Amino acid sequence: MDNNINNIEEEEYNEPKEKCGVFAIFAPELDVSRIAFFGLVALQHRGQESCGIATYDEFQSVHVETGMGLVNQVFNETNLKPLKGKMAIGHTRYSTAGKSTIVNAQPVIVQTLHGQIGIVQNGNLTTAKPLRKELMQKGVGFFIDSDVEVITQLLSNNPEGCDPHKPNWENRIAHFMSKAEAAYALCLMTPNGIYGVRDSLGMRPLCLGSLEVPCKDDPTKTITRYVLASESCAIGTIGAKFIRDVRPGEIVHINENGITSFIGRSPSDNPALCVFEYVYFSRPDSSMEGQLIHIVRQRMGETLARESPPPQSCTNNDSIVIGVPDSSLPAAIGYAKQCGIPFTEGLTKNRYIHRTFIQPSDHLRQQGIKLKFNPLTENIQGKKVILVDDSIVRANTIKALIKLIRSAGATEIHVRISSPPVLHPCYMGIDMATHDQLIGHNRTIEEIREYIGAESLQYLTLEGLMKSVTVGIKPQAEINSTPCYSNSSPTIPRVKINENNQKHCVACFTGDYPCSLDF
């Protein structure tokens, strides 16, 4: 396959990008590579640069296929067929650490004394630089510049004090977790099953699901198999049942005998799930912390309308509320519901044009944002438009959209943003520019309004955002887990995890990072 994919959505219009999505399944009775394919399709929004699937068969052989591009561009019947096995892991990638090349595509496969292991990762190691240096001082070489290789090398080494003749996978993982504070969610494929791992801060999401499948020996009976995914939408796509979120610091082991929970590192007293999962990244049909993303975004819109209502000049007869497809639509619905001005669609998004193998002409490149969005002129013409978007990072996208909406006949455009101003970069696995590129860091709200060309601009407050997120979180029951001890563990792991102390990472708004940073 030609790896030269053209990104028509030019860099100047880029939105914040999640690093990747991960998926894993253990089900000897099923075609696991095909299920992984559909799981990755459901997670495509989390990464569009590269993807891959690896399987482990009954003969302890690993089969892997990776490629540049979207899942349905990379995989077909021909290259899925050889991916036989009883378990599979899969990955969709957007690079925030490491270049966007095929060599950095995942899964990454490593040979160890106890067999091959495969790994897929979501996030950035915030201490990758010292860990890489420590390994290199021990004579370990690196072939790629992605921090996932640091993880695989740490997992390949047997922790001090463990029997070198045994795989000790749980202890290896706990040893890695003791050295890496954040930010990661991993799926690890080993000869004796799959492991799902989430850092002790819970910064990157990972959830667990179950699937009832016919027994090989007696098709009239069923057996429960398990899956892991970055989001619950992937679990529902393959016909599985969502069970729960993997907890911070937890190691989930899935094999022939079912599922076992371990604690690799005591969960932090200040958990820090990235709040941008609610604002933008996650699919609206996914659930996190016991609540549907769509409902949370709708609450954000309602709160935004209470804090920053439309100007008094806007009435039901001459005004409309529209959202920027797709992630901002629930907030726009909530805003319209609260303020009483009708919601309608004002923009249609071309979801299939921004990544293609066909090079656009110079004429098409000049169309810029028009390649991605078309205005619904009859809905907009002669109206005062309240435009709801989820965030402003560089502001070039919304500036171009305002120009597009105005050309469709809008008489006024009032912008409402369902999150606070983005003031600081993210170093934990999200591509969110540098301080110099963040318009919120460099300009006042009034200066931003003038730059984008709107009649008014208001943001949701941090207090309003956090109230919208936390009010619907459902308490989760404690789960009994077996502690995994490591000589280098900074703390003795607790035997129970109770994740009802809900806090979130809001560093991009406040600059208060929840972990140490050393890249």
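User: Okay, a salt bridge is a side-chain nitrogen of Lys or Arg within 4 Å of a carboxyl oxygen of Asp or Glu. How many salt bridges does that rule give here?

Analyst: The count comes to 15 salt bridges. This is a predicted model, where local features need pLDDT of at least 70 and side-chain atom pairs count only at pLDDT 80 or more, while totals for chains, interfaces and linings use all residues. Residues are numbered from 1 along each chain as its sequence is written, and side-chain values use heavy atoms, with hydrogens and water left out.

User: Which residues are linked in a network, then?

Analyst: Salt bridges link Arg46, Arg204, Glu231 and Glu277 in a network.

User: Is Arg46 buried or exposed?

Analyst: Arg46 has 1% relative accessibility, so it counts as buried; the cut-offs are under 20% relative accessible area for buried, over 50% for exposed, and partly exposed in between (1.4 Å probe, protein chains only). Glu277 is buried as well, at 0%, and Glu231 is also buried.

User: What about Arg244, who's its partner?

Analyst: Arg244 bridges to Glu250, with 2.8 Å between the closest N and O atoms. Arg244 is buried at 13%, and Glu250 is buried at 0%.

User: Switching topic! Why is strand β8 called largely enclosed?

Analyst: Strand β8 (residues 115-122) has seven of its eight residues buried, so the rest of the structure largely encloses it.

User: How many bridges join β7 to β8?

Analyst: Five, and strand β7 (residues 108-112) runs antiparallel to β8. Two strands pair if DSSP finds at least two bridges between them. In this pair, Ile109 has Gly118 of β8 as its bridge partner, and a hairpin of two residues joins β7 to β8.

User: And how does β8 run relative to β9, parallel or antiparallel?

Analyst: Antiparallel, with five bridges joining β8 to strand β9 (residues 185-190).

Technical notes. Helices (H or I, at least four residues) and strands (E, at least two) are DSSP runs, numbered from the N terminus.
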